[in-house]
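Morning, everyone. I have one structure to walk you through, and I'll keep it brief. Please have a look at it first.

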Amino acid sequence: MISDRMAEILRRLQTNDWSDAVADAAEPLGVDGISVSAGSGTGVTEILWSSGGISDGFEDLQATLGQGPGPDSLAAGTAVRVPDLTRVLEDRWPALVTEASVLSVGAVFCFPLRIGAITLGVLTLVRSACGPLTAGQGDDANALAAVLTKRVLDLGFPLLSAPEEESLPYHHAVLHQATGMVSAQLSVSLAEALLRLRAHAYSNSLNLTDTARDIVARRLRLAPEPPPMNVIDDADED
Amino acid sequence: MTTRNEQLTEVFVEVADSLIDDFDVIDFLQNLSVRCVELLDVAAVGILLADESDRLHVLAASDEHTRLLELFALQHDQGPCVECYRDGRPRVGVTLTDPEAATRWPQFARSAQDTGFVATNALPLRLRGRVIGALSLFQRNPEPLAAQDLSLAQALADVATIAILQQRTLAHSEAERDQLQYALNSRIVIEQVKGILAERWQMAIDESFSIFRAYARAHSRKLSDLARAIADGTQDTDTIRAFSAHRPWPRA
(Lines give C-alpha, C1' and ligand atoms only; values in the text may rest on other atoms or scores of the structure.)
Protein backbone atom coordinates (compact mmCIF):
# COMPACT_ATOMS: atom_id res chain seq x y z
CA MET A 1 0.00 0.00 0.00
CA ILE A 2 1.29 3.42 -0.95
CA SER A 3 0.90 5.98 1.85
CA ASP A 4 -1.26 9.06 1.26
CA ARG A 5 1.79 11.20 1.78
CA MET A 6 3.73 9.38 -0.94
CA ALA A 7 0.71 9.35 -3.26
CA GLU A 8 0.66 13.16 -3.04
CA ILE A 9 4.40 13.34 -3.75
CA LEU A 10 4.00 11.03 -6.75
CA ARG A 11 1.25 13.25 -8.16
CA ARG A 12 3.51 16.28 -7.89
CA LEU A 13 6.36 14.32 -9.38
CA GLN A 14 4.31 13.57 -12.46
CA THR A 15 3.56 17.18 -13.23
CA ASN A 16 6.23 19.40 -11.68
CA ASP A 17 9.94 19.76 -11.72
CA TRP A 18 10.90 16.71 -9.76
CA SER A 19 13.59 17.91 -7.39
CA ASP A 20 11.25 19.41 -4.76
CA ALA A 21 8.97 16.41 -4.84
CA VAL A 22 11.83 13.93 -4.44
CA ALA A 23 13.31 15.95 -1.57
CA ASP A 24 10.00 15.77 0.26
CA ALA A 25 10.01 11.98 -0.03
CA ALA A 26 12.84 11.67 2.53
CA GLU A 27 10.52 12.22 5.46
CA PRO A 28 7.85 9.56 4.72
CA LEU A 29 10.64 7.15 3.74
CA GLY A 30 12.41 7.86 7.03
CA VAL A 31 15.80 8.50 5.42
CA ASP A 32 18.39 11.30 5.54
CA GLY A 33 19.31 11.45 1.90
CA ILE A 34 17.99 10.52 -1.55
CA SER A 35 19.76 10.39 -4.88
CA VAL A 36 18.69 9.43 -8.37
CA SER A 37 21.36 8.23 -10.78
CA ALA A 38 21.28 7.34 -14.43
CA GLY A 39 23.00 4.10 -15.22
CA SER A 40 22.86 0.70 -16.82
CA GLY A 41 23.80 -2.86 -15.95
CA THR A 42 27.44 -1.87 -16.08
CA GLY A 43 27.18 0.91 -13.51
CA VAL A 44 26.18 4.47 -12.72
CA THR A 45 26.87 6.98 -15.49
CA GLU A 46 25.60 10.22 -13.99
CA ILE A 47 24.02 11.55 -10.80
CA LEU A 48 20.78 13.15 -11.96
CA TRP A 49 19.68 14.49 -8.63
CA SER A 50 20.82 14.33 -5.04
CA SER A 51 19.55 15.82 -1.80
CA GLY A 52 23.20 16.66 -1.05
CA GLY A 53 25.14 15.99 2.15
CA ILE A 54 25.21 12.33 3.08
CA SER A 55 23.85 11.27 -0.33
CA ASP A 56 26.54 13.18 -2.24
CA GLY A 57 29.17 11.59 -0.03
CA PHE A 58 27.82 8.09 -0.52
CA GLU A 59 27.42 8.47 -4.28
CA ASP A 60 31.00 9.78 -4.55
CA LEU A 61 32.21 6.83 -2.57
CA GLN A 62 30.43 4.28 -4.75
CA ALA A 63 31.72 6.04 -7.88
CA THR A 64 35.30 6.11 -6.61
CA LEU A 65 35.32 2.52 -5.45
CA GLY A 66 33.16 1.19 -8.28
CA GLN A 67 31.26 -0.99 -5.84
CA GLY A 68 28.27 -0.89 -3.55
CA PRO A 69 24.55 -1.56 -3.42
CA GLY A 70 23.84 0.92 -6.25
CA PRO A 71 26.01 -0.84 -8.86
CA ASP A 72 24.73 -4.21 -7.58
CA SER A 73 21.13 -3.11 -7.92
CA LEU A 74 21.78 -1.95 -11.50
CA ALA A 75 23.56 -5.18 -12.42
CA ALA A 76 20.98 -7.51 -10.87
CA GLY A 77 17.92 -5.46 -11.77
CA THR A 78 16.50 -5.88 -8.31
CA ALA A 79 16.35 -3.83 -5.14
CA VAL A 80 19.26 -4.10 -2.71
CA ARG A 81 18.44 -3.32 0.90
CA VAL A 82 21.25 -2.96 3.38
CA PRO A 83 19.67 -2.16 6.75
CA ASP A 84 23.01 -2.31 8.57
CA LEU A 85 26.17 -1.56 6.61
CA THR A 86 28.42 -2.68 9.46
CA ARG A 87 27.00 -6.18 9.25
CA VAL A 88 27.61 -6.74 5.57
CA LEU A 89 29.87 -9.69 4.78
CA GLU A 90 33.42 -8.48 4.29
CA ASP A 91 33.84 -9.78 0.78
CA ARG A 92 30.73 -8.09 -0.56
CA TRP A 93 32.01 -4.53 -0.79
CA PRO A 94 35.33 -4.67 1.09
CA ALA A 95 36.44 -1.06 0.70
CA LEU A 96 33.02 0.54 0.87
CA VAL A 97 32.03 -0.62 4.31
CA THR A 98 34.97 1.02 6.09
CA GLU A 99 34.64 4.27 4.17
CA ALA A 100 30.88 4.46 4.64
CA SER A 101 31.26 4.41 8.41
CA VAL A 102 33.40 7.56 8.11
CA LEU A 103 30.45 9.21 6.38
CA SER A 104 28.26 7.77 9.14
CA VAL A 105 26.05 5.93 6.70
CA GLY A 106 24.25 3.22 8.63
CA ALA A 107 21.74 1.94 6.09
CA VAL A 108 21.34 2.09 2.30
CA PHE A 109 18.41 1.04 0.12
CA CYS A 110 18.66 0.91 -3.66
CA PHE A 111 15.79 0.47 -6.10
CA PRO A 112 16.46 -0.02 -9.81
CA LEU A 113 14.70 2.17 -12.37
CA ARG A 114 13.82 -0.39 -15.00
CA ILE A 115 11.23 -1.47 -17.50
CA GLY A 116 12.02 -5.10 -18.29
CA ALA A 117 15.38 -5.12 -20.05
CA ILE A 118 15.55 -1.32 -20.10
CA THR A 119 17.70 -0.23 -17.17
CA LEU A 120 17.68 3.53 -16.70
CA GLY A 121 19.19 4.10 -13.29
CA VAL A 122 18.80 3.62 -9.59
CA LEU A 123 17.10 5.35 -6.68
CA THR A 124 19.32 5.35 -3.58
CA LEU A 125 18.08 6.07 -0.06
CA VAL A 126 20.66 6.68 2.66
CA ARG A 127 20.12 6.79 6.41
CA SER A 128 22.63 7.37 9.19
CA ALA A 129 20.73 5.18 11.65
CA CYS A 130 20.70 1.44 11.05
CA GLY A 131 17.48 -0.52 10.62
CA PRO A 132 15.19 -1.81 7.88
CA LEU A 133 12.56 0.12 5.99
CA THR A 134 9.07 -0.65 7.22
CA ALA A 135 6.86 -2.60 4.80
CA GLY A 136 4.99 0.63 4.06
CA GLN A 137 8.20 2.55 3.39
CA GLY A 138 9.34 -0.26 1.10
CA ASP A 139 6.10 -0.02 -0.88
CA ASP A 140 6.47 3.77 -1.04
CA ALA A 141 10.07 3.47 -2.23
CA ASN A 142 9.11 1.02 -4.97
CA ALA A 143 6.29 3.31 -6.07
CA LEU A 144 8.66 6.29 -6.12
CA ALA A 145 11.12 4.27 -8.21
CA ALA A 146 8.34 3.41 -10.69
CA VAL A 147 7.40 7.06 -11.23
CA LEU A 148 11.06 8.12 -11.40
CA THR A 149 11.63 5.47 -14.05
CA LYS A 150 9.19 7.24 -16.32
CA ARG A 151 10.61 10.65 -15.49
CA VAL A 152 14.14 9.51 -16.31
CA LEU A 153 12.92 7.96 -19.55
CA ASP A 154 11.19 11.27 -20.34
CA LEU A 155 14.54 13.08 -20.10
CA GLY A 156 15.12 11.67 -23.57
CA PHE A 157 12.13 13.57 -24.90
CA PRO A 158 10.71 16.17 -22.50
CA LEU A 159 7.75 16.87 -24.81
CA LEU A 160 6.38 13.50 -23.83
CA SER A 161 5.73 14.49 -20.26
CA ALA A 162 2.23 15.38 -21.31
CA PRO A 163 -0.14 15.57 -18.35
CA GLU A 164 -2.63 13.22 -20.02
CA GLU A 165 -0.04 10.49 -20.17
CA GLU A 166 0.24 9.90 -16.46
CA SER A 167 1.47 6.37 -16.55
CA LEU A 168 2.42 3.97 -19.27
CA PRO A 169 0.22 0.93 -19.97
CA TYR A 170 2.87 -1.53 -18.76
CA HIS A 171 0.18 -4.12 -18.11
CA HIS A 172 -0.30 -4.57 -21.85
CA ALA A 173 2.14 -7.16 -23.21
CA VAL A 174 1.71 -5.57 -26.62
CA LEU A 175 3.48 -2.36 -25.52
CA HIS A 176 6.63 -4.32 -24.66
CA GLN A 177 6.37 -6.51 -27.75
CA ALA A 178 6.13 -3.41 -29.91
CA THR A 179 9.11 -1.89 -28.10
CA GLY A 180 11.13 -4.97 -28.99
CA MET A 181 10.00 -4.87 -32.62
CA VAL A 182 10.81 -1.18 -33.05
CA SER A 183 14.22 -1.65 -31.47
CA ALA A 184 15.01 -4.41 -33.99
CA GLN A 185 13.53 -2.49 -36.94
CA LEU A 186 15.42 0.71 -36.29
CA SER A 187 18.48 -0.87 -34.65
CA VAL A 188 18.06 1.31 -31.59
CA SER A 189 18.07 0.49 -27.87
CA LEU A 190 14.85 -0.65 -26.22
CA ALA A 191 14.74 2.64 -24.30
CA GLU A 192 14.89 4.64 -27.51
CA ALA A 193 12.35 2.33 -29.16
CA LEU A 194 9.89 3.00 -26.34
CA LEU A 195 10.46 6.74 -26.72
CA ARG A 196 9.90 6.53 -30.49
CA LEU A 197 6.65 4.65 -29.94
CA ARG A 198 5.42 7.23 -27.46
CA ALA A 199 6.56 10.11 -29.65
CA HIS A 200 4.64 8.65 -32.58
CA ALA A 201 1.49 8.16 -30.52
CA TYR A 202 1.79 11.61 -28.99
CA SER A 203 2.46 13.55 -32.17
CA ASN A 204 -0.40 11.80 -33.98
CA SER A 205 -2.79 12.02 -31.01
CA LEU A 206 -3.08 8.26 -30.92
CA ASN A 207 -3.54 5.94 -27.98
CA LEU A 208 -0.22 4.30 -27.06
CA THR A 209 -1.66 0.78 -26.71
CA ASP A 210 -3.38 1.04 -30.11
CA THR A 211 -0.14 2.26 -31.65
CA ALA A 212 1.66 -0.72 -30.14
CA ARG A 213 -1.00 -3.07 -31.54
CA ASP A 214 -0.53 -1.58 -35.00
CA ILE A 215 3.22 -2.14 -34.77
CA VAL A 216 2.83 -5.75 -33.67
CA ALA A 217 0.23 -6.42 -36.40
CA ARG A 218 2.68 -4.80 -38.87
CA ARG A 219 0.12 -2.22 -39.94
CA LEU A 220 2.52 0.48 -38.84
CA ARG A 221 6.26 0.81 -39.18
CA LEU A 222 8.09 3.78 -37.72
CA ALA A 223 10.40 5.63 -40.05
CA PRO A 224 14.07 5.65 -39.17
CA GLU A 225 15.06 9.15 -38.09
CA PRO A 226 17.52 10.72 -35.72
CA PRO A 227 16.42 10.69 -32.10
CA PRO A 228 14.39 13.75 -31.15
CA MET A 229 16.71 14.88 -28.36
CA ASN A 230 19.41 13.60 -26.11
CA VAL A 231 18.06 10.13 -25.67
CA ILE A 232 19.46 8.30 -22.70
CA ASP A 233 22.03 5.69 -23.56
CA ASP A 234 20.90 2.21 -22.79
CA ALA A 235 24.23 0.52 -22.36
CA ASP A 236 22.50 -2.81 -21.85
CA GLU A 237 22.16 -2.90 -25.60
CA ASP A 238 25.88 -2.70 -26.24
CA MET B 1 -5.00 -43.09 -19.12
CA THR B 2 -3.62 -41.68 -15.90
CA THR B 3 -5.98 -41.38 -12.98
CA ARG B 4 -6.52 -38.09 -11.30
CA ASN B 5 -4.53 -39.22 -8.28
CA GLU B 6 -1.58 -40.13 -10.44
CA GLN B 7 -1.85 -36.74 -12.13
CA LEU B 8 -1.91 -34.98 -8.78
CA THR B 9 1.09 -36.91 -7.51
CA GLU B 10 3.03 -36.04 -10.65
CA VAL B 11 2.27 -32.34 -10.28
CA PHE B 12 3.13 -32.34 -6.61
CA VAL B 13 6.50 -33.96 -7.27
CA GLU B 14 7.20 -31.58 -10.14
CA VAL B 15 6.36 -28.54 -8.03
CA ALA B 16 8.46 -29.68 -5.07
CA ASP B 17 11.40 -30.51 -7.37
CA SER B 18 11.31 -27.06 -8.92
CA LEU B 19 10.97 -25.14 -5.69
CA ILE B 20 14.01 -26.67 -4.04
CA ASP B 21 16.07 -26.00 -7.14
CA ASP B 22 17.27 -22.78 -8.75
CA PHE B 23 14.17 -22.14 -10.82
CA ASP B 24 12.96 -19.50 -13.21
CA VAL B 25 9.77 -17.96 -11.86
CA ILE B 26 8.13 -17.22 -15.22
CA ASP B 27 8.88 -20.70 -16.51
CA PHE B 28 7.63 -22.26 -13.30
CA LEU B 29 4.38 -20.30 -13.32
CA GLN B 30 3.79 -21.08 -16.94
CA ASN B 31 4.16 -24.80 -16.27
CA LEU B 32 1.91 -24.44 -13.27
CA SER B 33 -0.73 -22.74 -15.44
CA VAL B 34 -0.61 -25.63 -17.90
CA ARG B 35 -1.00 -28.08 -15.00
CA CYS B 36 -4.01 -26.12 -13.74
CA VAL B 37 -5.66 -26.50 -17.13
CA GLU B 38 -5.10 -30.26 -17.06
CA LEU B 39 -6.07 -30.87 -13.45
CA LEU B 40 -9.11 -28.63 -13.34
CA ASP B 41 -10.22 -29.33 -16.89
CA VAL B 42 -10.59 -25.67 -17.72
CA ALA B 43 -9.78 -23.95 -21.03
CA ALA B 44 -7.18 -21.38 -19.99
CA VAL B 45 -5.38 -20.21 -16.88
CA GLY B 46 -3.51 -17.01 -16.14
CA ILE B 47 -1.56 -15.82 -13.12
CA LEU B 48 -1.89 -12.11 -12.42
CA LEU B 49 0.27 -10.10 -10.07
CA ALA B 50 -0.35 -6.59 -8.77
CA ASP B 51 2.22 -3.84 -9.16
CA GLU B 52 3.07 -1.14 -6.61
CA SER B 53 0.01 0.85 -7.71
CA ASP B 54 -2.37 -2.11 -7.38
CA ARG B 55 -2.66 -2.71 -11.11
CA LEU B 56 -2.78 -6.35 -12.15
CA HIS B 57 -0.27 -7.67 -14.69
CA VAL B 58 -0.16 -11.06 -16.40
CA LEU B 59 2.85 -12.96 -15.11
CA ALA B 60 2.20 -16.27 -16.85
CA ALA B 61 -0.51 -18.05 -18.80
CA SER B 62 -1.27 -21.60 -19.87
CA ASP B 63 -1.13 -20.45 -23.45
CA GLU B 64 1.03 -17.54 -24.59
CA HIS B 65 -1.11 -16.45 -27.50
CA THR B 66 -1.19 -12.68 -27.57
CA ARG B 67 -4.95 -12.72 -27.86
CA LEU B 68 -5.26 -14.58 -24.58
CA LEU B 69 -2.63 -12.41 -22.88
CA GLU B 70 -4.64 -9.38 -23.90
CA LEU B 71 -7.78 -10.88 -22.41
CA PHE B 72 -6.01 -11.43 -19.10
CA ALA B 73 -4.58 -7.91 -19.33
CA LEU B 74 -8.06 -6.46 -19.72
CA GLN B 75 -8.62 -7.52 -16.15
CA HIS B 76 -6.31 -4.81 -14.85
CA ASP B 77 -9.33 -2.58 -14.33
CA GLN B 78 -12.43 -4.70 -14.80
CA GLY B 79 -13.57 -8.25 -14.32
CA PRO B 80 -13.69 -10.80 -11.52
CA CYS B 81 -9.91 -10.85 -11.00
CA VAL B 82 -9.59 -7.22 -10.06
CA GLU B 83 -12.57 -7.55 -7.70
CA CYS B 84 -11.09 -10.67 -6.16
CA TYR B 85 -7.76 -8.85 -5.78
CA ARG B 86 -9.43 -5.90 -4.06
CA ASP B 87 -11.41 -7.77 -1.42
CA GLY B 88 -9.59 -11.11 -1.32
CA ARG B 89 -12.74 -13.15 -1.93
CA PRO B 90 -12.83 -15.74 -4.72
CA ARG B 91 -15.22 -15.20 -7.62
CA VAL B 92 -16.33 -18.59 -8.85
CA GLY B 93 -18.75 -19.80 -11.50
CA VAL B 94 -19.07 -16.37 -13.09
CA THR B 95 -21.22 -16.79 -16.20
CA LEU B 96 -19.98 -14.49 -18.91
CA THR B 97 -23.13 -14.80 -20.99
CA ASP B 98 -25.13 -13.38 -18.11
CA PRO B 99 -26.46 -9.85 -18.82
CA GLU B 100 -25.13 -8.86 -15.41
CA ALA B 101 -21.58 -9.68 -16.47
CA ALA B 102 -22.02 -7.57 -19.61
CA THR B 103 -23.22 -4.64 -17.52
CA ARG B 104 -20.53 -4.85 -14.90
CA TRP B 105 -17.57 -5.59 -17.15
CA PRO B 106 -18.66 -4.73 -20.71
CA GLN B 107 -15.28 -4.93 -22.41
CA PHE B 108 -14.06 -7.94 -20.48
CA ALA B 109 -17.25 -9.98 -20.91
CA ARG B 110 -17.35 -9.29 -24.64
CA SER B 111 -13.68 -10.10 -25.25
CA ALA B 112 -13.87 -13.29 -23.18
CA GLN B 113 -16.87 -14.48 -25.16
CA ASP B 114 -15.21 -13.55 -28.45
CA THR B 115 -12.35 -15.82 -27.39
CA GLY B 116 -14.86 -18.65 -26.86
CA PHE B 117 -15.15 -18.60 -23.06
CA VAL B 118 -18.51 -18.80 -21.31
CA ALA B 119 -17.51 -18.91 -17.65
CA THR B 120 -14.67 -17.64 -15.51
CA ASN B 121 -13.32 -17.92 -11.96
CA ALA B 122 -10.89 -15.80 -9.99
CA LEU B 123 -9.00 -16.95 -6.91
CA PRO B 124 -6.77 -14.77 -4.73
CA LEU B 125 -3.00 -15.13 -4.47
CA ARG B 126 -2.86 -14.82 -0.69
CA LEU B 127 0.03 -13.85 1.47
CA ARG B 128 -0.29 -13.49 5.22
CA GLY B 129 -3.60 -11.71 5.19
CA ARG B 130 -2.79 -9.71 2.08
CA VAL B 131 -3.63 -10.40 -1.55
CA ILE B 132 -0.85 -9.97 -4.11
CA GLY B 133 -2.66 -11.04 -7.27
CA ALA B 134 -5.16 -13.50 -8.69
CA LEU B 135 -5.43 -16.82 -10.49
CA SER B 136 -7.75 -16.51 -13.46
CA LEU B 137 -9.53 -19.58 -14.87
CA PHE B 138 -11.58 -19.59 -18.06
CA GLN B 139 -14.03 -22.28 -19.12
CA ARG B 140 -15.54 -23.15 -22.49
CA ASN B 141 -18.39 -25.00 -20.78
CA PRO B 142 -20.79 -23.42 -18.30
CA GLU B 143 -20.58 -26.23 -15.69
CA PRO B 144 -19.49 -24.77 -12.34
CA LEU B 145 -16.30 -26.28 -10.93
CA ALA B 146 -16.81 -28.82 -8.13
CA ALA B 147 -15.94 -27.78 -4.57
CA GLN B 148 -13.01 -30.18 -4.62
CA ASP B 149 -11.65 -28.58 -7.78
CA LEU B 150 -11.98 -25.14 -6.27
CA SER B 151 -9.94 -26.16 -3.22
CA LEU B 152 -7.35 -27.59 -5.55
CA ALA B 153 -7.36 -24.37 -7.57
CA GLN B 154 -6.80 -22.36 -4.39
CA ALA B 155 -3.92 -24.65 -3.42
CA LEU B 156 -2.36 -24.10 -6.84
CA ALA B 157 -2.81 -20.33 -6.42
CA ASP B 158 -0.97 -20.60 -3.10
CA VAL B 159 1.83 -22.54 -4.78
CA ALA B 160 2.13 -19.69 -7.30
CA THR B 161 2.48 -17.20 -4.44
CA ILE B 162 5.18 -19.29 -2.80
CA ALA B 163 7.09 -19.55 -6.08
CA ILE B 164 6.97 -15.79 -6.65
CA LEU B 165 8.42 -15.16 -3.21
CA GLN B 166 11.01 -17.91 -3.51
CA GLN B 167 12.88 -16.47 -6.48
CA ARG B 168 16.57 -16.23 -5.95
CA THR B 169 17.73 -12.96 -7.31
CA LEU B 170 21.39 -12.07 -7.58
CA ALA B 171 21.21 -9.47 -4.88
CA HIS B 172 19.08 -11.62 -2.57
CA SER B 173 16.61 -8.99 -1.55
CA GLU B 174 14.22 -10.64 0.83
CA ALA B 175 11.60 -7.93 0.86
CA GLU B 176 8.34 -9.20 -0.61
CA ARG B 177 7.60 -6.05 -2.60
CA ASP B 178 11.04 -6.25 -4.24
CA GLN B 179 10.41 -9.87 -5.21
CA LEU B 180 7.10 -8.92 -6.81
CA GLN B 181 8.69 -6.06 -8.76
CA TYR B 182 11.43 -8.40 -9.93
CA ALA B 183 8.89 -10.95 -11.17
CA LEU B 184 6.93 -8.24 -13.01
CA ASN B 185 10.09 -7.03 -14.73
CA SER B 186 11.10 -10.58 -15.68
CA ARG B 187 7.81 -10.86 -17.52
CA ILE B 188 8.37 -7.55 -19.35
CA VAL B 189 11.79 -8.71 -20.56
CA ILE B 190 10.14 -11.75 -22.15
CA GLU B 191 7.59 -9.57 -23.97
CA GLN B 192 10.31 -7.22 -25.22
CA VAL B 193 12.29 -10.19 -26.50
CA LYS B 194 9.26 -11.66 -28.27
CA GLY B 195 9.13 -8.41 -30.24
CA ILE B 196 12.85 -8.41 -31.03
CA LEU B 197 12.69 -12.01 -32.29
CA ALA B 198 9.48 -11.56 -34.28
CA GLU B 199 11.08 -8.67 -36.14
CA ARG B 200 14.46 -10.31 -36.69
CA TRP B 201 12.89 -13.52 -37.91
CA GLN B 202 9.99 -11.84 -39.69
CA MET B 203 7.30 -13.96 -38.13
CA ALA B 204 4.34 -13.55 -35.80
CA ILE B 205 4.98 -12.84 -32.12
CA ASP B 206 3.46 -16.14 -31.01
CA GLU B 207 5.59 -18.19 -33.41
CA SER B 208 8.79 -16.48 -32.36
CA PHE B 209 7.97 -17.19 -28.73
CA SER B 210 7.41 -20.90 -29.42
CA ILE B 211 10.85 -21.16 -30.99
CA PHE B 212 12.44 -19.19 -28.18
CA ARG B 213 10.86 -21.41 -25.55
CA ALA B 214 11.65 -24.67 -27.33
CA TYR B 215 15.30 -23.59 -27.57
CA ALA B 216 15.43 -22.61 -23.88
CA ARG B 217 13.97 -25.96 -22.84
CA ALA B 218 16.19 -28.05 -25.09
CA HIS B 219 19.26 -26.25 -23.73
CA SER B 220 18.09 -26.13 -20.11
CA ARG B 221 18.30 -22.37 -20.13
CA LYS B 222 16.04 -20.31 -17.92
CA LEU B 223 13.56 -18.31 -19.99
CA SER B 224 14.41 -15.08 -18.18
CA ASP B 225 18.17 -15.54 -18.49
CA LEU B 226 17.95 -16.31 -22.19
CA ALA B 227 15.60 -13.36 -22.72
CA ARG B 228 17.95 -11.07 -20.84
CA ALA B 229 20.91 -12.24 -22.93
CA ILE B 230 18.99 -11.58 -26.14
CA ALA B 231 17.96 -8.11 -24.96
CA ASP B 232 21.55 -7.32 -23.97
CA GLY B 233 22.80 -8.53 -27.33
CA THR B 234 25.02 -11.21 -25.78
CA GLN B 235 23.01 -14.12 -27.19
CA ASP B 236 23.20 -14.82 -30.90
CA THR B 237 19.63 -15.22 -32.11
CA ASP B 238 20.58 -16.89 -35.41
CA THR B 239 21.64 -19.94 -33.41
CA ILE B 240 18.18 -20.14 -31.89
CA ARG B 241 16.53 -19.77 -35.28
CA ALA B 242 18.81 -22.38 -36.86
CA PHE B 243 18.15 -24.81 -34.03
CA SER B 244 14.41 -24.63 -34.57
CA ALA B 245 14.78 -25.20 -38.32
CA HIS B 246 16.05 -28.73 -37.64
CA ARG B 247 13.22 -29.65 -35.38
CA PRO B 248 9.55 -30.37 -35.84
CA TRP B 249 7.53 -27.20 -35.60
CA PRO B 250 7.06 -26.42 -31.91
CA ARG B 251 3.58 -25.86 -30.68
CA ALA B 252 2.60 -22.75 -28.81
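**Cysteines, a sheet and an interface**

Let me start with Cys130 of chain A: the closest cysteine sulfur to its own is in Cys110(A), 15 Å away, so the two are too far apart for a bond. Keep in mind that this is a predicted model.

Now chain B. Which cysteine sulfur is closest to that of Cys36(B)? The one in Cys81(B), at 12 Å, and that is too far for a bond. Is Cys36(B) buried or exposed? Buried, at 0% relative accessibility. The cut-off for a disulfide is 2.5 Å between sulfur atoms. Over all chains, the count of disulfides is zero.

Next, the sheet in chain B. We have five strands in an open sheet, with antiparallel pairing. Read across, the order is β2-β1-β5-β4-β3. Which strands sit at the edges? β2(B), residues 56-61, and β3(B), residues 91-95; each of them pairs on one side only. From one strand to the next, the twist averages 25°.

Two helices pack on this sheet. Take α4(B) to begin with, residues 80-87. Helix α4(B) touches β1, β2, β3, β4 and β5 of chain B. Its direction makes about 155° with that of β5(B), residues 130-139. Then there is α7(B), residues 147-166. Helix α7(B) also packs on the sheet, and touches β1, β2, β3, β4 and β5 of chain B. Against β4(B), the direction of α7(B) makes about 45°.

β3(B) pairs with β4(B), residues 119-127, in the antiparallel sense. How many bridges join them? Three. For Arg91(B), the bridge partner in β4(B) is Ala122(B).

Last topic: how the chains meet. On the chain B side, 38 residues are in contact with 42 residues of chain A. The area buried between the two chains is about 3,200 Å². Carbon and sulfur atoms give 54% of that area. How many salt bridges cross the interface of chain B and chain A? Five, by the rule used here. Here is a salt bridge to look at: the side chains of Arg81(A) and Asp178(B) meet at 2.6 Å, N to O.

That's my tour. Over to you.

Note on methods
Residues numbered from 1 in each chain as written. Chains lettered and ligands numbered in written order. Predicted model: local features only at pLDDT ≥ 70, side-chain atom pairs only at ≥ 80, totals over all residues. Heavy atoms only, no water. Pairing = 2+ DSSP bridges. Helix = DSSP H or I, 4+ residues; strand = E, 2+ residues; numbered from the N terminus. Axes fitted to C-alpha atoms, helices over the stretch in contact; angles between N-to-C directions. Contact = heavy atoms within 4.5 Å. Buried < 20%, exposed > 50% of the residue type's maximum accessible area, 1.4 Å probe, protein only. Buried area = accessible area lost by both parts, 1.4 Å probe. Salt bridge = Lys/Arg side-chain N within 4 Å of Asp/Glu carboxyl O.
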